[in-house]
Amino acid sequence: MRRARPEIPAQLRAMEHHLIIRFVEPSSRVRAELARSAFALGHHAEVYADLEELTDHMPETGVVVARDDPATGGVAAVLARLAEHGHWLPLIATDTAPHPHRIVAAMKAGALDYLPLPLDARRFAAALDQIAIDIARHGQARRRMVEARSRIAGLSAREREVLHWLAEGSSNKTIARELAISPRTVEIHRANMMAKLGAKHAAEAVRLRIEAAMDIGVAA
């Protein structure tokens with residue numbers, strides 16, 4: 001009879017992946033502590049004092065662990081800057097005693113987790129372990145989300161309304177009634193919307209809208 005394989009603790013599973021952890025943290029003391037926590041888990045650590053230093057050495061790989069500082073735009077600014085350079089790296093937000101509304105905002109912006117400082121080694125290891133498993137999927141999903149949002153940002157307000165009702169399964173006549181415009185006007189807005197999105201059919205336009213709004217966070 002084959003003996004059951006024992007479960008590997010999250011800390012050890014994370015160590016198998018040897019990630020590059022990129023810490024963005026203004027405090028030199030905290031940066032040193034964070035780097036030590038990564039090394040203790042078997043990962044490589046790179047430290048940056050702020051977003052500007054990170055983008056001066058723009059990374060293409062690894063996991064970003066960034067302080068969610070409202071004064072600098074928070075982790076949303078970090079994710080936006082990475083996207084501007086065509087990079088989609090998984091990100092963990094950190095802060096001392098984070099407020100619930102900051103956690104919600106960070107997760108909506110695309111952060112995969114939000115960990116309080118100082119880091120709990122077990123929880124940090126579990127988050128990295130999950131990210132290591134999902135890193136390829138996350139990168140692809142975030143790339144689709146950013147590209148879809150970029151396309152939709154080019155639509156007019158009326159074209160976005162048409163896309164919204166199209167995603168609800170509404171016909172041109174129904175959309176016209178909801179927006180108090182003629183069906184012919186709906187057809188014009190719909191054609192313009194499809195052209196701007198580069199969509200060949202309605203299903204493709206709806207898919208872009210879904211991807212633009214999707215939540216790609218990973219629960220640890």
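Which residue forms a salt bridge with D113? I looked this up in the model, which is predicted.

**Entry 1: D113.** I found R123 as the partner, with the closest N and O atoms 3.7 Å apart. I placed D113 in strand β5 (residues 113–116) and R123 in helix α6 (residues 121–153); the pair links distant parts of the chain, 10 residues apart. I then checked accessibility. D113 has 9% relative accessibility and therefore counts as buried, the cut-off being under 20%. R123, at 38%, counts as partly exposed.

**Entry 2: D68 and R102.** I noted a salt bridge between these two side chains, at 2.8 Å from N to O. D68 lies in the loop between β3 (63–67) and α4 (74–84), whereas R102 belongs to helix α5 (residues 100–109), so the pair ties together parts that are 34 residues apart in sequence. I recorded both D68 and R102 as buried.

**Entry 3: R184 and E187.** R184 and E187 both lie in α9 (residues 183–197), 3 residues apart, about one turn of the helix. Their salt bridge has its closest N and O atoms 3.2 Å apart. I found R184 exposed, with a relative accessible area of 55%. E187 has 37% relative accessibility and counts as partly exposed.

**Entry 4: network and total.** I also looked for linked salt bridges, and I noted a network that joins R144, E204, R207 and E211. My count for the model comes to 12 salt bridges.

Terms used
Residues are numbered from 1 along each chain as its sequence is written. This is a predicted model: local features need pLDDT of at least 70, side-chain atom pairs count only at pLDDT 80 or more; totals for chains, interfaces and linings use all residues. Side-chain values use heavy atoms; hydrogens and water are left out. A salt bridge is a side-chain nitrogen of Lys or Arg within 4 Å of a carboxyl oxygen of Asp or Glu. Helices (H or I, at least four residues) and strands (E, at least two) are DSSP runs, numbered from the N terminus. Buried means under 20% relative accessible area, exposed over 50%, partly exposed in between (1.4 Å probe, protein chains only).
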